[in-house]
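Please examine the model shown below alongside its sequence.

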Amino acid sequence: MKELQLREIQQMGLKVLKHVHSFCDEHSIKYSLAYGTLIGAVRHRGFIPWDDDIDIVMPRPEFDRFCQTFTSNDEYKLIAPKDSYLQFARVCDIKHTIAKTTLPWSNQTTGVWIDIFPLDGVAESKEDFLKEIEPLYNIAKIKRRIRRGRFQKLSLSLGFKEIFNCLSKRFNYRRYDFDEINLQHEKIMKKHPFDGSTYIGQLSCLDDPASEHHLASDFSTYTKLTFEDSEFMSIAGYDNFLTNCYGDYMQLPPEDKRVPNGESKIKFYWKE
């Protein structure tokens with residue numbers, strides 16, 4: 001199989017995003033570009049040149065409604081949290097591409113995807129918020145190691161070291177119940193309802209939960225931003241959101257940091 005190059009991954013992701021946008025527009029579901037995708041829209045009017053993924057966020061009520069109503073077809077498939085090892089959703093191309101990863105997230109075959117993260121209410125006090133999310137760091141470590149060990153398919157192509165690491169993780173984490181860990185994660189996420197909360201955050205992806213303490217008012221109104229050859233929805237308070245997450249997001253990172261986030265874990269190939 002032929003591996004997709006960066007620009008090909010971007011273009012396939014853009015196709016998925018356009019499909020999701022059309023569905024959300026038709027069903028009046030609120031969403032916003034987020035994280036690197038939102039920086040790309042603001043700073044580059046498209047993809048960050050070295051970025052290979054697309055992120056959007058939805059308020060929890062909208063996210064749940066999206067997962068309940070989105071209809072998969074022979075080209076695009078929704079993988080909801082109940083169908084994966086994650087607490088967020090992905091809409092994947094399944095007609096043209098196939099993904100191979102060393103960090104399994106679903107037992108289903110998928111291709112290029114976009115990430116869809118739910119936004120939940122969080123504690124109003126930053127001190128209380130940090131206390132409440134403290135268990136997430138241990139949950140993140142355990143979930144990642146289980147995914148790399150218990151759910152990683154073993155093959156000689158992994159190499160001796162990778163096979164040994166997988167087997168070690170399977171032995172060390174055999175006592176953990178992944179479903180129970182997911183329930184603990186979900187309980188923390190949903191402790192505070194989205195509606196009526198002064199602060200909200202995205203706690204489904206555990207890369208940097210401490211930065212997810214955002215004023216709900218920044219997410220109350222939406223605007224359109226140009227991204228590549230189209231316009232997509234964004235929260236009107238995107239500057240506060242991005243500054244809270246990244247600081248001076250308009251400043252380019254050092255050249256050695258200009259690489260795709262999932263470069264070492266995920267490869268995409270054209271279907272034969």
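The paragraphs below treat the cores, the cavity, the cysteines and then selected residues.

This is a predicted model, in which local features need pLDDT of at least 70 and side-chain atom pairs count only at pLDDT 80 or more, while totals for chains, interfaces and linings use all residues. Residues are numbered from 1 along each chain as its sequence is written, and side-chain values use heavy atoms, with hydrogens and water left out.

The interior is described first through its nonpolar cores, a nonpolar core being a set of buried Ala, Val, Leu, Ile, Met, Phe, Trp, Tyr and Cys residues joined through side-chain atoms within 4.5 Å. Buried here means under 20% relative accessible area, exposed means over 50%, and partly exposed lies in between, with a 1.4 Å probe and protein chains only. The largest nonpolar core has 59 residues, of which Ile-56, Met-58, Phe-66, Val-91, Ile-114, Ile-116 and Phe-241 touch the most other members. Helix 1, spanning residues 6-26, gives this core its largest share, 8 residues. Helices (H or I, at least four residues) and strands (E, at least two) are DSSP runs, numbered from the N terminus. A second, separate core has 15 residues, among them Tyr-85, Phe-129, Met-189 and Leu-203. Contact is defined as heavy atoms within 4.5 Å. When residues up to four places away in sequence are not counted, Ile-116 touches Ile-56, Met-58, Phe-63, Phe-66, Phe-88, Ala-89 and Val-91.

On a 1 Å grid over the protein atoms alone, a cavity is a set of points where a 1.4 Å probe fits but cannot get out, and lining residues have an atom within 4 Å of a point. Grid points are joined across faces, edges and corners, and a volume is the space filled by probe spheres set on the points. The structure holds 1 cavity of 30 Å³ or more, and the largest cavity contains about 50 Å³ of space. Its lining consists of Gly-121, Val-122, Ala-123, Phe-129, Glu-132, Ile-133, Ile-188, Lys-191, His-192 and Leu-203. At least two lining residues come from each of strand 6 (113-122) and helix 4 (126-149), and helix 4 provides the largest share, 3 residues. By class, the lining of the largest cavity has 6 nonpolar, 2 polar and 2 charged residues; Ala, Val, Leu, Ile, Met, Phe, Trp, Tyr, Cys and Pro count as nonpolar, Asp, Glu, Lys and Arg as charged, and the others, Gly among them, as polar.

What is the state of the cysteines? The structure holds 0 disulfides, a disulfide being a pair of cysteine sulfur atoms within 2.5 Å. For Cys-92, the nearest cysteine sulfur is that of Cys-67, 12 Å away. Cys-92 counts as buried because its relative accessibility is 0%.

Helix 2 (residues 35-44) includes Tyr-35, a residue other than glycine whose phi has a positive value near 55 degrees. Tyr-35 is buried, with a relative accessible area of 9%. Gly-36 also lies in helix 2 and is buried, at 16%. Leaving aside neighbours within four places in sequence, Gly-36 is in contact with Ile-48, Asp-51, Asp-55 and Tyr-246. Arg-45 is found in the loop between helix 2 and strand 2 (55-59). Its phi is likewise positive, near 55 degrees, but Arg-45 counts as exposed, at 55% relative accessibility.

Elsewhere, Asn-182 is found in helix 6 (residues 178-189) and counts as buried because its relative accessibility is 11%. Beyond its neighbours within four places in sequence, Asn-182 is in contact with Tyr-85, Gln-87 and Lys-143.

Phe-268 is placed in strand 11 and is buried, at 6% relative accessibility. Not counting residues up to four places away in sequence, Phe-268 touches Lys-2, Glu-3, Leu-4, Ile-9, Ile-98, Ala-99, Gly-111, Val-112 and Trp-113. Glu-272 is in the segment after strand 11 (266-270) and counts as exposed, at 80% relative accessibility. Glu-272 and Thr-97 are 175 residues apart in sequence, yet their C-alpha atoms are 8.8 Å apart in space.

Conventions: On a 1 Å grid over the protein atoms alone, a cavity is a set of points where a 1.4 Å probe fits but cannot get out, and a pocket is an open set with protein on both sides within 12 Å along at least five of seven lines; lining residues have an atom within 4 Å of a point.
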